[in-house]
Amino acid sequence: MSWLKTAATGKEPEPYVEPASEPKVKDASGRMVANKPANRPFLAHKEYQDKQKQLHEAWLERKKIRDEKIARGEEVGPEEKDPTAQQEIGAFGLFKFFLCLIIFAALAGKFFTGSYTWDYQGKWVQLKTYLPEGNQRLFSERLLAEFDGSKPGRPIYLAIDGDVYDVTKGKAYQPGGSYHLLTGVDAARAFATGCFKDHRTHDLRGLSEKDLDGIKHWKKFYAEHKDYFKVGRVSHPPIDPASPIPEHCDPKKAAKSKEKQSPDKQDKKAQQDRDEL
Ligand code: HEM
């Protein structure tokens with residue numbers, strides 16, 4: 001702020017003169033410098049370097065004596081490591097580095113957002129994601145139905161092709177939500193057909209390859225979703241092969257698939273093909 005003083009008083013500031021009493025010491029390059037606070041970090045580093053050099057030289061001396069003893073065939077103790085050698089980082093060093101980074105990020109999160117996870121509450125910060133699958137439950141269809149969101153305080157589960165997921169965080173699954181009908185049940189068929197009311201079943205008979213691919217897509221969707229957890233499997237009683245295949249909710253599609261499945265129709269088509277030949 002000397003320019004401010006100059007502007008106020010009109011006088012040039014006096015040049016800085018180092019106090020005569022300031023003791024002088026050697027710096028890293030051998031110059032004599034004042035031991036004033038501004039120089040101290042550099043001087044401390046110089047002191048450290050000198051100490052390291054001394055340690056290294058003492059170690060070299062001990063090593064030389066040891067080597068001479070070995071040459072004379074005398075017994076020696078275990079080899080001493082150079083105390084000034086740079087430590088290798090290694091896997092443990094990397095682990096420590098990442099641990100410090102995570103702790104730092106968590107503390108910063110707490111400071112800026114009030115949450116150690118920066119307000120992220122997805123499955124990657126939940127302990128159950130890392131628990132082995134062995135901890136998962138086997139549901140009966142009746143038990144699964146208890147988790148359709150109608151009972152306050154209970155989580156919401158849905159199943160797809162046997163896998164049960166906790167979808168409590170999905171808005172669409174809450175009572176009144178657009179996909180509430182998929183909860184508390186294994187409605188794998190509905191995932192393929194879109195018949196959410198009529199196809200609340202795991203019965204996949206008569207579906208095309210494309211339909212089955214659709215189910216695979218949704219299975220992957222739930223398995224990889226950041227907010228949903230697999231909580232177990234549902235066991236279904238076997239499907240009676242003599243029971244009728246569930247009809248499509250769209251009458252046109254229902255008629256089409258009926259046509260495909262009808263044995264009469266298939267016989268007629270086979271006859272037609274034979275006639276054409
Ligand atoms: C086979 C047909 C369909 C199936 C199986 C299906 C399935 C689903 C499922 C499972 C979700 C929930 C995803 C989540 O957990 O976030 C979803 C969300 C959604 N679907 Fe569909 N869907 C179908 C057709 C449609 C159609 C035709 C429309 C549009 C007219 C539509 C519009 C939506 C919308 C807007 C959402 C977001 C809902 C929300 O998060 O509140 N879907 N769909």
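Ala159 stands opposite Val164 in strand E5. This pairing belongs to a predicted model, in which local features need pLDDT of at least 70, side-chain atom pairs count only at pLDDT 80 or more, and totals for chains, interfaces and linings use all residues. Residues are numbered from 1 along each chain as its sequence is written. Strands (E, at least two residues) and helices (H or I, at least four residues) are DSSP runs, numbered from the N terminus. E4 and E5 pair in the antiparallel sense, over four bridges. Two strands are said to pair if DSSP finds at least two bridges between them.

The hairpin of E4 and E5 has two residues between the strands. Asp161 lies in this loop between E4 and E5. Its phi is positive, about 50°, although Asp161 is not a glycine. Asp161 counts as partly exposed because 17 C-beta neighbours lie inside 10 Å. On this scale a residue is buried if 20 or more other C-beta atoms lie within 10 Å of its own, exposed if 12 or fewer, and partly exposed in between, with C-beta atoms placed from the backbone.

E5 has a further partner. E5 and E6 also pair in the antiparallel sense, again over four bridges. Val164 has Gly232 as its bridge partner in E6. Tyr165 stands opposite Lys230 in E6. E6 (residues 229–234) in turn runs parallel to E3, to which three bridges join it. Here Phe139 has Val234 of E6 as its bridge partner.

Together these strands form an open sheet of four, in the order E3-E6-E5-E4, with mixed pairing. Strand E3 (137–139) and strand E4 (157–160) stand at the edges, each with a single partner strand, so one side of each is left without a neighbour in the sheet. Neighbouring strands of the sheet are turned by 40° against each other on average, direction ignored. In a regular strand the side chains alternate between the two faces of the sheet.

A helix accompanies the sheet. Helix H6 (residues 209–224) lies across E4, strand E5 (163–166) and E6. H6 runs at about 140° to E4. Such angles run from 0 to 180 degrees between N-to-C directions, and the axes are lines fitted to C-alpha atoms, for helices over the stretch in contact. His217 has its place in helix H6. His217 counts as exposed because it has 11 C-beta neighbours inside 10 Å. His217 and Ala192 are 25 residues apart in sequence, and their C-alpha atoms are 9.5 Å apart in space.

Asp119 is in the loop between helix H3 (90–113) and E3. Its phi is about 70°, although Asp119 is not a glycine. Asp119 counts as exposed because it has 10 C-beta neighbours inside 10 Å.

The UniProt record, an unreviewed entry, places the feature "transmembrane region" at residues 89–108. Positions from UniProt are given in the numbering used here, feature names are shortened, and annotations may be inferred rather than shown by experiment. In the model, residues 89–108 are 95% helix and 0% strand. The end C-alpha atoms of this span lie 26 Å apart.

The residues around the ligand are Gly170, Lys171, Ala172, Ser178, Tyr179, Phe191 and Gly194. A residue is near a molecule if its C-beta atom, placed from the backbone, lies within 6 Å of it. This shell divides into three nonpolar, three polar and one charged residue. Ala, Val, Leu, Ile, Met, Phe, Trp, Tyr, Cys and Pro count as nonpolar, Asp, Glu, Lys and Arg as charged, and the others, Gly among them, as polar.

Overall, the protein comes to eight helices and six strands. From the N terminus on, its elements run α-β-β-α-α-β-α-β-β-α-α-β-α-α. Buried residues make up 14% of the 277 residues. Of the contacts with a separation of 6 or more, 49% join residues 24 or more positions apart. Two residues are in contact if their C-beta atoms, placed from the backbone, lie within 7 Å.
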